[in-house]
Amino acid sequence: MPNKDALIKKLMSKPAPKNFTMRELDALMRKCGCRKFSGGRGSGIGYLHEESGRVVQFDAPHPGNELYRYHVNMVKAFFEEIGEVKP
């Protein structure tokens, strides 16, 4: 698994990556101090940033494992909010 910086670089690339997987997201979120949780209904998932209390939630992609473009945009905005990347 790539390191934190490599994963952030891939996530933040332009155009948005079409092959960023849930496995990569889970690893990156752990490395950034986030805890994963199930989000209330069906395939809902979320990540809680322990230090700031910020949360990002969405339905997991299916049937595939790659994040959709709107997932990538949500995660990018979340990373800006928690200070992992600069806007």
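Guide: Start with pairing: two strands pair if DSSP finds at least two bridges between them. Keep in mind that this is a predicted model.

Visitor: What makes S1 and strand S2 a pair?

Guide: Five bridges join S1 to S2 (residues 44-49). The cut-off is at least two bridges, so they pair. The two strands run antiparallel. Take serine 38: its bridge partner in S2 is isoleucine 45.

Visitor: Why is the sheet called open?

Guide: Three strands form it, in the order S1-S2-S3, with antiparallel pairing. Strand S1 (34-38) and strand S3 (55-59) are at the edges with a single partner strand each, so one side of each has no neighbour in the sheet. From one strand to the next, the twist averages 20°.

Visitor: Which strands does helix H2 touch?

Guide: H2 (residues 22-31) packs on the sheet and touches S1, S2 and S3. Its direction makes about 20° with that of S2. Helix H3 (residues 69-81) also packs on the sheet, touching S1, S2 and S3. The direction of H3 makes about 175° with that of S3.

Visitor: Which residues of the largest nonpolar core touch the most other members?

Guide: Leu25, Leu28, Met29, Tyr47, Phe58 and Phe79, out of 24 residues. Helix H1 (4-12), H2, S2, S3 and H3 each supply at least two residues. H2 gives the most, with five.

Visitor: What is methionine 29 in contact with, leaving aside neighbours within four places in sequence?

Guide: Cys34, Tyr47, Val56, Val75, Phe78 and Phe79. Contact here needs heavy atoms within 4.5 Å, so each of these residues meets that limit with methionine 29.

Note on methods: Residues are numbered from 1 along each chain as its sequence is written. This is a predicted model: local features need pLDDT of at least 70, side-chain atom pairs count only at pLDDT 80 or more; totals for chains, interfaces and linings use all residues. Side-chain values use heavy atoms; hydrogens and water are left out. Helices (H or I, at least four residues) and strands (E, at least two) are DSSP runs, numbered from the N terminus. Axes are lines fitted to C-alpha atoms, for helices over the stretch in contact, and angles run from 0 to 180 degrees between N-to-C directions. A nonpolar core is a set of buried Ala, Val, Leu, Ile, Met, Phe, Trp, Tyr and Cys residues joined through side-chain atoms within 4.5 Å. Buried means under 20% relative accessible area, exposed over 50%, partly exposed in between (1.4 Å probe, protein chains only).
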